[in-house]
Amino acid sequence: MASGDVLSPEVEVFQQNGEVEGEVDGNFSDSPAASPNLNDLRPKLKAKRRAKRSPSKEDQQLPLTNGVNVSQLSRSKPRYDRKSRTSYGRGLPKKGGAGGKGVWGKPGCELDIDGVIDEKDPNYDSDAQGNYELETIAPELTPEEVEKTIKPVIQEYFEHGDTNEVAVTLGELNLGHKKHEIATHAVSMALDKHDSHREMTSRLISDLYGNILNQQEMATAFDSILDDLADLTLDTPDAPHVVGSFIARAVADDVLPPKYVTDYKGSGESTQTSEGSRLSEQMMAALDRAHVLLSMKHGMVRLDNVWGVGGGQRPVKYLIKKMNMLLREYLSSRDIQEATRCLVELEVPHFHHELVYEAVVTVLEAGSEQVGTAILMLLKSLADAIILTVDQMDRGFDRVFESMPDIVLDVPNAHTILERFSEECFKQGVINSRTKAKVPIRARKRFVSEGDGGRIKE
């Protein structure tokens, strides 16, 4: 085949690898098998055509703009364009910029929100919520803070004696697992107090049980006291005796179970070490005291008065008798310290005016200068120690002044003795000028020798 010859379109021969397809031994064959279909030899490529959207009714109704349909113009815009695709409007974003995915919403829409209920929402405002409650959360107190907080409350309780106020005050504290420290500090502070304060402490423990403290916390408190009994004995030698009485009273008040004493005694007897034996001896003394009080006949009833009757609960006649005995013993021994101790043990500071009254009456009845000097020294000592207050001193002397008409019947020269004794008390600072001015002075009779014409003036 010459190079200038051109193959007809019906016959196309493709040469691959130096050979021409359809040629056999250099000769073309006319057989159908040897002559492949030229159409099959052409590469067939499938064209990708975009699917045409069928015109909708809206497109058919849209007007033409310069001969072009508006829908075709809208489809020619980018897909991310948020402007209106219709011919109407001013070209502003759709929905005022509030529509679409991933948008923050319409500008200023956060100002129209009435309130966000979700607390985790950044726009949540607790003040703007309608229904909400505020709870005060108090942090749990440390052991040092517990001691600094509880002791003033108990000390104040010894003054007013109101257990409800103590319960309210302690209920506001977050003591956590240290609630037993309330009973521990109360008993420890009552060891060096009088029996009246111990009675108040037992009453406080009984009232706090079930309200602030449970039985397990009460048992833990007394366990702590028994463990520290060796140190408490150094300050209060009779601490085992007092602690045993507290334990017995707690059992009688159903604060501790009856088996507390027996179980603790069994565990205490098993201590073998030298230090543990010394501690166990003191613990056993307290537990033995509690066991004896609980084992006596009608013990539960008698334990209500385990601390005796003290303070203002005693009858008035009993207190008057005690004060008269105190004065007689003082006049015999002249021991001011012993007399002071006996007066303080009565625990009736509101009734000290009775001692002043009985002391002044004793001076008037004795009529002796030695007795007057001794009574003056006692009153001055008590006044300097502020055991006898100015108010109690004034009330005692006022009672004497009011009783002078009856005293004069037994002691005719009572006015003279009282005037002399009051003058000495004023000089020593026992009474003030106001009390001295109240001393009654009896007007004496005037006779003829005084120039009254023989008449006796009444």
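1. At what angle do helix α18 and helix α20 pack, and how far apart are their axes? In this predicted model, α18 (residues 390–402) and α20 (residues 414–427) pack at an angle of about 165°, and their axes lie 13 Å apart. Angles over 145 degrees count as roughly antiparallel, so α18 is roughly antiparallel to α20.

2. The handedness of this pair can also be stated. The crossing in which α18 passes α20 is left-handed.

3. The contact between the two helices can be listed by residue. From α18, the residues involved are F397, V400 and F401; on the α20 side they meet L418, F421, S422 and C425. By class, the residues of this contact comprise 6 nonpolar and 1 polar, with no charged residue.

4. The structure holds 1 cavity of 30 Å³ or more. The volume of the largest cavity is about 40 Å³.

5. Which residues line the largest cavity? The lining consists of S202, I205, S206, F222, F246, R249, A250, D253 and V255. Two elements, α7 (195–208) and α10 (239–252), each give two or more residues to this lining.

6. R249 and D253 are both part of the lining, and Arg and Asp count as charged.

Methods:
Residues are numbered from 1 along each chain as its sequence is written. This is a predicted model: local features need pLDDT of at least 70, side-chain atom pairs count only at pLDDT 80 or more; totals for chains, interfaces and linings use all residues. Side-chain values use heavy atoms; hydrogens and water are left out. On a 1 Å grid over the protein atoms alone, a cavity is a set of points where a 1.4 Å probe fits but cannot get out, and a pocket is an open set with protein on both sides within 12 Å along at least five of seven lines; lining residues have an atom within 4 Å of a point. Grid points are joined across faces, edges and corners, and a volume is the space filled by probe spheres set on the points. Helices (H or I, at least four residues) and strands (E, at least two) are DSSP runs, numbered from the N terminus. Axes are lines fitted to C-alpha atoms, for helices over the stretch in contact, and angles run from 0 to 180 degrees between N-to-C directions. Angles under 35 degrees count as roughly parallel, over 145 as roughly antiparallel, 65 to 115 as roughly perpendicular and the rest as oblique. A crossing is left-handed if the near helix is turned anticlockwise from the far one by less than a right angle, and right-handed if clockwise. Contact means heavy atoms within 4.5 Å.
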